[in-house]
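The following note sets out points for discussion on the two-chain model.

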Amino acid sequence: MTHLPGSTLLAMGWRAQLLQATWNFERQQGVGWAYALQPALERLYPDAATRHERLAEHTAYFNTQPTLASLALGAVARLEADRAAGTGPDAAGIARIKSVLGSTLAALGDRLFWFSLRPFAAALGVLVALARHDSPWPAVVLWATYASVHQAVRLLGVGWGFAKGPAVLGGELRNRLEAAVTVLAYAGCIVLGVAVAWSLAPGGEPRPVALQSALAAGLGLGLLTALRARPSPTQWALALGVLGLIAAWQRLGRS
Amino acid sequence: MNGAWVGTVLLGGVAALDATPVAQTLLSQPLVTATVLGLMWGDLPTALSVGVVLQILAASTLPVGSRTPEDYATGGVVGTGVALALGAHAPFEYLRQSAMLVGTFAGMLTAVGGVPLIKWQRRRNEGLSHWCEQALRAGDERALGRAHAAAVALAFGVGVAYCAVAMGAVFLLTRGAVVQESMRLARAWELLQPLWLGFGFAQLLHAFVQRRLTRAAVFGASLVGAWLVLVMEWTR
């Protein structure tokens with residue numbers, strides 16, 4: 001197998017920042033994937049015609065969770081290194097492995113990054129914002145909580161994927177990601193509990209009963225509607241907004 | 001003031017880039033862009049009041065699979081930008097509150113209205129990917145870089161244009177109402193802000209709890225514990 005230097009793997013990680021730049025309904029991340037893989041293929045295939053053919057192959061359909069895509073990039077670079085040395089799978093074999101990597105990492109990554117880390121970062125940022133209305137810290141907390149993990153995995157993940165190949169999807173990774181999801185879920189519940197308590201009594205001073213009731217009503221309605229995908233939370237929020245406007249108009253109209 | 005408008009519109013382009021095409025670091029989240037705008041316009045409390053509500057709703061909107069989520073990147077910038085343009089440094093609290101309400105509505109409507117624009121960009125990218133594959137097969141390796149530069153430029157341009165049009169339109173349409181109906185709008189904001197916050201908290205809670213009673217119990221214990229600590233500290 002041809003070894004790829006750390007600088008090439010890091011260049012792939014940097015290019016993965018643009019993985020979704022050309023996202024489209026037909027090939028989804030396909031072109032971005034080829035762009036991120038290009039530094040590896042340039043080292044592995046000195047012959048220009050072969051390299052162009054490989055790059056064109058990699059513009060085919062691909063989609064996964066964008067952060068964990070780095071692991072797949074590293075694993076496929078390893079397969080391409082084997083292929084360049086004459087021991088790896090052919091184009092069809094690589095396409096099949098890419099497909100499996102994509103769907104598996106999407107399932108794991110969606111749970112960790114979209115359903116756990118992103119809501120947790122948002123909840124933490126909102127809690128700090130409720131407590132500090134005149135400070136830039138809420139934004140710093142939200143951004144740093146998510147981006148530190150996201151960028152570390154994106155930049156270093158290519159190296160992890162290359163070191164292990166497709167075996168990167170083994171039990172160890174799954175167990176670690178599952179553990180992270182569980183920890184974030186519990187931490188998120190604690191943060192939300194504190195945020196709701198602060199909203200009811202900012203700094204310990206209870207808000208008027210009408211406002212506490214509005215918060216409780218929103219919480220109850222949110223829990224009832226969260227089980228259904230449609231209407232979306234934004235559509236519900238807009239409808240609540242219109243009802244609130246009507247209520248305010250009628251109340252002030254009478255007084 | 002003109003500098004703040006230009007800065008807001010440019011931030012709309014940056015947020016549109018971070019949302020999907022470049023890096024996805026959450027720089028585009030409403031709370032982050034609201035903070036930048038608050039510093040830019042010199043009124044952080046107004047910006048954060050709108051940013052928190054839009055943030056809690058944006059957190060429930062997930063870009064999973066090939067679904068096109070609501071565009072809270074631009075929505076966050078437009079919502080906070082409108083609130084600041086209408087209410088920053090206003091002499092009375094109820095004027096600021098009425099601007100916050102209009103800004104929050106503008107942010108949500110901009111987020112919903114941005115979905116067809118994102119879909120349009122994604123369809124444009126299909127042509128770009130076809131062109132790129134053909135160029136690669138013809139031996140032009142730089143086609144990949146050029147395709148990405150074109151897609152990034154398109155996303156930035158659309159973000160800037162959409163932000164400018166939405167913010168300008170809402171500002172012109174609602175400027176009079178914010179002053180004339182400020183008492184009613186401020187009253188509605190007082191009622192709706194906690195309602196929206198509660199609604200958003202519930203969406204996040206659902207994402208964390210996932211029908212597991214232990215997690216629900218942790219939330220309940222955390223709420224009661226924090227409330228007791230806060231009230232005891234206040235009464236001391």
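1. One cut-off is needed at the outset: a residue is buried if 20 or more other C-beta atoms lie within 10 Å of its own, exposed if 12 or fewer, and partly exposed in between. B:Q210, with 13 C-beta neighbours inside 10 Å, therefore counts as partly exposed. This residue has a positive phi of about 50° although it is not a glycine, and its place is the loop between helix 7 and helix 8 (213-235) of chain B. The coordinates come from a predicted model, and the remarks below should be read accordingly.

2. B:L26 is likewise a non-glycine residue with a positive phi, here about 75°. Is B:L26 buried or exposed? B:L26 counts as buried because 25 C-beta neighbours lie inside 10 Å. The loop that holds B:L26 runs between helix 1 (2-19) and helix 2 (30-41) of chain B.

3. Chain A consists of nine helices and zero strands, in the order α-α-α-α-α-α-α-α-α along the sequence. Its radius of gyration is 24 Å, well over the 18 Å that the globule rule gives for 255 residues, so chain A is more spread out than a compact globule. Taken along the principal axes, the C-alpha atoms of chain A fill a box of roughly 85 × 35 × 30 Å. Of the 255 residues of chain A, 47% count as buried. Among contacts in chain A between residues at least 6 apart in sequence, those joining residues at least 24 apart make up 75%.

4. Chain B has eight helices and zero strands, and its pattern along the sequence reads α-α-α-α-α-α-α-α. The C-alpha trace of chain B spans about 75 × 50 × 25 Å along its principal axes. Of the 236 residues in chain B, 59% are buried. For contacts in chain B with a separation of 6 or more, 74% are between residues 24 or more positions apart.

5. Where does helix 5 of chain B bend? The bend, of about 30°, is at B:G114, and a proline, B:P116, follows within four residues. After helix 5 of chain B comes B:G139, whose phi is positive, near 100°.

6. The contact between the chains takes 89 residues from chain A and 83 residues from chain B. On the side of chain A that touches chain B, the elements giving two or more residues include helix 2 (30-44), helix 5 (91-131), helix 7 (171-200) and helix 9 (233-254) of chain A. The residues of that side divide into 58 nonpolar, 24 polar and seven charged.

7. The largest nonpolar core has 155 residues, of which A:L37, A:L73, A:A123, A:L192, B:V102 and B:F201 touch the most other members. Which helix gives the most to this core? Helix 7 (residues 182-209) of chain B does, with 17 residues. Leaving aside residues up to four places away in sequence, B:F201 touches A:L192, A:A195, A:V196, A:L219, A:G222 and B:I56.

Notes: Residues numbered from 1 in each chain as written. Chains lettered and ligands numbered in written order. Predicted model: local features only at pLDDT ≥ 70, side-chain atom pairs only at ≥ 80, totals over all residues. Contact = placed C-beta atoms within 7 Å. Nonpolar A, V, L, I, M, F, W, Y, C, P; charged D, E, K, R; others polar. Bend = angle between axes of the 7 residues up to and from the residue. Core = buried A, V, L, I, M, F, W, Y, C linked by C-beta atoms within 7 Å. Rg over C-alpha atoms; globule rule 2.2 N^0.38 Å.
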